[in-house]
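Hi,

Here is the structure I promised to pass on. Have a look at it first, and then read my notes below.

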Amino acid sequence: MQAGCDDNFYFRSHNMSNIKACIFDLDGVIVDTAIYHYQAWKRLANQLGLNFTEHDNELLKGVSRTRSLEIILELNGVVKTEAEKTELASQKNTWYVEMISKMQPDEILPGAKEFVLACRAAGIKTALGSASKNSMMILEKIGMDKLFDAIIDGNKVSKAKPDPEVFLKGAAELGIAPENCVVFEDAIAGVEAAIAGGMKVVGIGSPEVLGKANFVLSGLSEMSLAKLDEL
Ligand code: BG6
Ligand code: MG
């Protein structure tokens, strides 16, 4: 009887120390930039006379800038040369940067900064794992650029989610094994990337969409250090 209790205690303690690093996606987890991406793509679509709805915008979450443009073109049955695509993506980015350069700390999603700080206070490493090449600018604008032990963004990876490269690089830079990492993700491709990398994953959004995650929350305001034990 006594031995059984001890075993349970050991099992719980072991689980408690299992997660040594939290890796956060940026767009949709720390901040909600999807609206800015949408407005900039919409402006480009209007200029080109293409259809692009907020519903279509869902397909672009977690997807690279180049691939996002290709999806919009494909939805409209339009073909562009590589040079034209580079120019169009650059134009969209100029408009997007105009908007995010005005971001403020009050645009941090509820609970995000608090949970990152709680992890750091508990000795859990923190990393950013984002497809965005504008990650640093956003983190600086919201005052969270000093809160990550590693920042892996779109400038540091060559393979987009669902490839696990972004998260594996984050784990490697932190010096933590993938099985001791948990990823926080709002995009299906990001959840798949975390699983492909051998990591745990908490979905941020709806369980219907992110069903492959270990569990799904509506936001980081629902997350706590205690919930890490459930992973
Ligand atoms: C991801 C967003 O974080 O970054 C995508 O979810 C976006 O919607 C991608 O396309 C690339 O962003 P950026 O800032 O490099 O154009
Ligand atoms: Mg995201």
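A polar side-chain atom of Ser132 sits 2.7 Å from an oxygen atom of ligand 1, which is within the polar-contact limit (a pair of N or O atoms within 3.5 Å; within protein, one must be able to donate a hydrogen and the other to accept it, and residues adjacent in sequence count only if both atoms are side-chain atoms). Lys133 also reaches an oxygen atom of ligand 1, at 2.7 Å, with a backbone N or O atom. For Ser68, the distance from a polar side-chain atom to a ligand 1 oxygen is 3.4 Å. On its own, ligand 1 exposes 390 Å², and the protein buries 96% of that (Shrake-Rupley areas with a 1.4 Å probe; for residues, only the protein chains shown count as cover).

Before going on: this is a predicted model, so local features need pLDDT of at least 70 and side-chain atom pairs count only at pLDDT 80 or more, while totals for chains, interfaces and linings use all residues. Residues are numbered from 1 along each chain as its sequence is written, chains are lettered from A and ligands numbered from 1 in the order written, and side-chain values use heavy atoms, with hydrogens and water left out.

Who else is around the ligand? There are 15 residues around ligand 1, and Asp27, Val63, Ser132, Lys133 and Asn134 come nearest (near means a heavy atom within 4 Å). That shell divides into four nonpolar, seven polar and four charged residues (Ala, Val, Leu, Ile, Met, Phe, Trp, Tyr, Cys and Pro are nonpolar; Asp, Glu, Lys and Arg charged; the others, Gly among them, polar).

Now for Lys42, which is in helix 2 (residues 34–48) (helices are DSSP runs of H or I, at least four residues, and strands are runs of E, at least two, numbered from the N terminus). A polar atom of the Lys42 side chain lies 2.8 Å from the backbone oxygen of Phe52. Lys42 counts as partly exposed because its relative accessibility is 26% (buried is under 20%, exposed over 50%, partly exposed in between; 1.4 Å probe, protein chains only).

Ala83, in helix 5 (residues 82–100), counts as exposed because its relative accessibility is 59%. From Ala83 to Met103 is 20 residues in sequence and 31 Å in space, C-alpha to C-alpha.

One last thing to look at: the peptide bond from Lys161 to Pro162 is cis, with omega near 20°. Pro162 is in the loop between strand 3 (150–152) and helix 8 (165–174).

Cheers
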